[in-house]
Amino acid sequence: MTSSESLDTLNSLQAEIAELFEHLPTSKNRQYVMQALSTIVNLAKSDIERLDWKILSAALVDMERGFELFYAYRHVRKVTIFGSARLSSESPEYRMAYDFARCVSQLGFMVMTGGGGGIMQAGNEGAGRENSFGLNIQLPFEQTANPVIEGDPKLIHFKYFFTRKLFLLKESDAIALFPGGFGTQDEAFECMTLSQTGKFGPMPVVLIDFPGGDYWRSWSEYVNEQLVKKGLVSPDDPSLYTVTDDLDVACNAITGFYQVYHSSRYVGDRLVIRLKSELSDAEVEQLNAEFSDILVKERIEKSQALPQEAQDETFNLPRLVLYFNQRDLGRMYQLIATINHMGTPSQEEKDHPERK
């Protein structure tokens with residue numbers, strides 16, 4: 001870059017910053033914008049390496065593209081499909097992934113994949129281009145986007161695995177894992193780790209074999225024999241996922257998760273569970289009887305939106321509020337399953353589980 005070009009860039013940046021500060025006092029996100037700017041300023045005054053700046057800049061570009069793309073689709077639930085890039089279109093795993101993606105897209109969900117071949121292509125193909133996202137990664141091999149999603153504005157090429165995975169998990173409302181190699185195993189165990197520690201979800205995680213296949217069944221047996229029985233994970237942790245080789249079971253695991261349960265968040269040290277329909281007093285009493293072991297104190301109570309949720313888009317939904325111990329996440333998934341057998345959501349809610 002010449003000195004003249006550098007000067008023009010600096011002048012343009014100064015103008016953009018001046019405009020930002022002019023509108024910042026009225027921005028609803030000003031607290032977080034100021035925090036981000038303060039972090040950049042502090043880093044600029046420190047002695048970090050040139051490589052550190054390159055990593056930071058590229059990661060921010062990755063995130064900028066992701067945030068801007070997904071904002072327009074924030075009210076539609078999405079299913080992320082993981083699996084091998086090496087399986088051919090003739091394999092039974094590919095066929096099952098295609099059928100699954102077609103099933104959930106017909107139910108109104110959109111599908112996200114890594115944008116490559118194999119299971120990823122099956123997912124995009126089954127859902128159709130209009131219902132698909134591709135979150136590809138720049139690699140020296142296996143990096144080409146599949147022909148279904150190539151050229152679509154919903155395809156992003158990420159520089160880093162960590163920013164790519166951030167969006168594959170952050171933007172999803174369900175995870176479907178098909179057979180795969182080291183990458184798929186990494187994704188499976190990371191989903192379990194993040195779920196187990198409360199950093200992800202709650203959301204349905206479905207491990208799907210083709211009919212008669214034993215890839216995930218064998219994986220589940222390993223988890224039970226080597227992790228559960230040896231006390232390395234909680235006996236309730238297998239409740240974090242569903243293993244099946246049945247297409248209907250796989251699809252129902254996702255739609256059923258959002259039958260009455262809508263979403264959740266923490267307000268201070270209280271967990272707020274938003275519901276599509278209000279539970280009866282008797283049903284809440286049943287929850288307290290069955291799940292008192294996961295409470296730090298007090299009881300599970302019915303509630304409307306808390307004052308801190310005044311700007312929340314789910315403000316009108318009924319809620320349950322509890323002091324969850326933030327440890328027994330397997331039990332939390334069991335609580336959600338019990339909730340989903342209660343309540344009476346409207347017919348429209350039943351017909352459109354994909355709506356947030």
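# Helices, salt bridges and a surface patch

Q: Where does Ser280 lie?
A: Ser280 is in the loop that runs between strand E9 (270-275) and helix H10 (281-291). Helices (H or I, at least four residues) and strands (E, at least two) are DSSP runs, numbered from the N terminus.

Q: What sort of model and numbering is this?
A: It is a predicted model, where local features need pLDDT of at least 70, side-chain atom pairs count only at pLDDT 80 or more, and totals for chains, interfaces and linings use all residues. Residues are numbered from 1 along each chain as its sequence is written, and side-chain values use heavy atoms, with hydrogens and water left out.

Q: Back to Ser280. Buried or exposed, or in between?
A: Ser280 counts as partly exposed because its relative accessibility is 33% (buried is under 20% relative accessible area, exposed over 50%, partly exposed in between, with a 1.4 Å probe and protein chains only).

Q: How far is Ser280 from Lys302?
A: C-alpha to C-alpha, Ser280 and Lys302 are 9.0 Å apart in space, while 22 residues separate them in sequence.

Q: New topic. How many salt bridges?
A: The count is 21 salt bridges, each being a side-chain nitrogen of Lys or Arg within 4 Å of a carboxyl oxygen of Asp or Glu.

Q: Which residue does Asp173 pair with?
A: Asp173 forms a salt bridge with Lys356, and their closest N and O atoms are 3.4 Å apart. The pair links distant parts of the chain, 183 residues apart: Asp173 is in the loop between helix H6 (161-170) and strand E5 (174-177), and Lys356 is in the segment after helix H12 (347-351).

Q: And how exposed are those two?
A: Asp173 is buried, because its relative accessible area is 7%. Lys356, at 35% relative accessibility, counts as partly exposed.

Q: What about Glu171 and Lys170?
A: Their side chains also meet in a salt bridge, at 2.6 Å from N to O. Glu171 is buried at 8% relative accessibility, whereas Lys170 is partly exposed with a relative accessible area of 46%.

Q: And Arg327 with Asp328?
A: Arg327 and Asp328 form a salt bridge through their side chains, at 3.4 Å from N to O. Arg327 counts as exposed, at 56% relative accessibility, and Asp328 as buried, at 19%.

Q: Which residues are joined into one network?
A: Arg77, Asp173 and Lys356 are, through salt bridges that share partners.

Q: Now the helices. How do H2 and H3 cross?
A: The axes of helix H2 (residues 30-44) and helix H3 (residues 50-71) come within 12 Å and cross at roughly 160° (axes are lines fitted to C-alpha atoms, for helices over the stretch in contact, and angles run from 0 to 180 degrees between N-to-C directions). H2 and H3 are therefore roughly antiparallel to each other (under 35 degrees is roughly parallel, over 145 roughly antiparallel, 65 to 115 roughly perpendicular, the rest oblique).

Q: What about H4 and H9?
A: Helix H4 (residues 92-106) packs against helix H9 (residues 247-257) at an angle of about 40°, and their axes are 10 Å apart. That angle makes H4 oblique to H9.

Q: Last one. Where is Phe21, and how exposed?
A: Phe21 lies in helix H1 (residues 3-23). Phe21 counts as partly exposed because its relative accessible area is 49%.
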